[in-house]
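I opened the model today to look up a few side chains and a sheet. My notes follow.

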Amino acid sequence: MRYGEILARGSVTPDTETFYGWPTMIRRHNGEILLTASARLDHLCPFGRIVLFRSGDGGRSWSEPQTVADGPLDDRDPSIVELPDGSLRLAWTAGLEWLRYWDERCNCTPEQTREAVAARTTLAQVLDGWGTWMAASEDGGAHWSDAWRIPIYSEYGAAVLPDGTMVAVGEENFADVADMRCGSWLKAPACARSGDGGRNWQITSRFDIGAGSKLRLSESMAARMRDGRLVAVFRNDGPGGRDLWQMVSYDAGDSWSEPRRICDGLPPHLLTLPDGGLLLSYARRDYCGGMSSVCARFSDDYGDSWSEPWVVAEDAPSPDMGYPSTVLLDDGAFLTVWYNNCRRVEASGHWNNKVPFLQYAVWRR
C-alpha cells in the first residue's frame with residue numbers, strides 16, 4: 001500500500017445540512033469540471049433531487065448547486081458524460097427504495113414522515129416516474145431537455161466510443177413497473193448500446209454468471225481501451241463480498257469474459273489516461289469501527305493486472321462514504337471527489353453536523 005502526495009484537500013460545498021451522495025465527475029474538453037450528486041435529507045429518503053456543481057480552477061472552488069431534476073419520487077445515483085460534439089447526457093434513477101428504510105431519523109417535520117409522503121404519492125406518479133432517466137444539454141449544462149426513460153442504470157454513466165456510440169454496463173430495468181419486487185426495479189447486470197446520443201438503446205448482452213454463483217453484481221462502470229476492448233468493473237455484494245470484479249469485452253459489448261476478482265472495495269470509477277493506462281478509484285468501508293478510506297489502483301496493460309493500492313484519504317469515521325470519482329488535471333495531478341457522511345458516526349451514535357458531505361483531494365502518485 002502506498003500513499004498519494006496530497007496537494008489539496010477540501011469540500012465541494014460548505015453546506016453541512018444537506019446529504020450529498022453518489023457523486024460523478026467529468027472534465028470537459030474545454031477544461032471545465034462538472035460534478036453531479038443527489039441532494040437529500042438522508043441516505044435513503046423520499047426527498048432526493050439531482051444537482052450539478054461546476055469548477056473552473058481544477059476543483060479548488062465550486063459553484064452553488066444547480067438543481068437539474070426533482071421529481072415526485074426519490075431521484076438519486078446520477079451520472080454525467082460528454083459526447084464528442086460537446087453535448088452532455090445526465091442520467092439518474094427514480095424509485096421507492098426509501099419505503100423499506102425511511103425511519104424519520106433526521107428530525108423530520110410532520111410533512112416529511114414516511115406516512116405523510118406515502119399518503120401524497122399517487123399511483124400515477126409511481127407509474128410515470130419510476131426507472132432510469134436521461135436528459136440532454138447542448139449548452140454546457142445551463143439548460144436541460146425534458147427527460148426520457150432508458151432501459152439500464154449504470155452507476156457512473158456510459159462509455160463513449162470515438163464515433164459517439166454510448167455503451168452502458170449496469171442493471172437492466174424491468175419492462176413494466178408491475179414487475180417491481182420490494183421496491184426494486186432492476187434485473188441482473190446487462191450491457192446496452194445507443195447510437196443516437198442515448199435516445200434509443202438496445203440490450204446487447206446479459207451477464208450470465210451461472211446459477212450457482214455467489215456473486216451479486218451491481219453498481220458498475222465500463223471504459224474503452226486503446227485497443228478497442230471494453231473493461232467493466234462491478235461491485236459485488238454476494239456472501240463474503242464487498243469487493244470488485246472485472247469483465248472484458250472485445251466486441252463492443254456483445255459478449256463478455258468470465259468475471260475476475262480485483263480487490264476488496266466498493267463501487268468502481270474508471271478513468272482512461274492519456275498514455276493508455278487506466279485508473280480505478282474505489283472506497284474501502286470499515287464496518288468494525290475503524291476509518292474508511294478512498295483508494296486508487298493503476299493498470300498499464302488494459303486491466304490485465306493492477307498496481308498495489310494508493311491511499312487518497314483514510315479519515316472517514318463512518319462506512320457511509322465513498323463512491324469516488326476522479327479526473328486528470330492539466331498538470332498531471334488527479335482530482336478525486338467522494339461523499340463522507342459524518343452526520344451519524346456509527347461508533348458513537350452521535351450526530352456531527354459540522355462536516356460537509358462532498359470532499360475532494362488533489363493528489364499525485
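I started with Arg-235: its side chain makes a polar contact with the side chain of Glu-219 at 2.7 Å. A polar contact is a pair of N or O atoms within 3.5 Å; within protein, one must be able to donate a hydrogen and the other to accept it, and residues adjacent in sequence count only if both atoms are side-chain atoms. The Arg-235 side chain makes another with the side chain of Tyr-323, at 3.0 Å.

I noted the source: this is a predicted model, where local features need pLDDT of at least 70, side-chain atom pairs count only at pLDDT 80 or more, and totals for chains, interfaces and linings use all residues. Residues are numbered from 1 along each chain as its sequence is written, and side-chain values use heavy atoms, with hydrogens and water left out.

Is Arg-235 buried or exposed? I found it buried, because its relative accessibility is 11% (buried is under 20% relative accessible area, exposed over 50%, partly exposed in between, with a 1.4 Å probe and protein chains only). Arg-235 sits in strand S17, residues 230–236 (strands are DSSP runs of E, at least two residues, numbered from the N terminus).

Next I looked at a sheet. Four strands form an open, antiparallel sheet in the order S3-S4-S5-S6 (two strands pair if DSSP finds at least two bridges between them). Strands S3 (19–27) and S6 (66–69) are the edges, each pairing on one side only. Three bridges join S5 (residues 49–55) to S6. I picked out Val-51, whose bridge partner in S6 is Thr-67.
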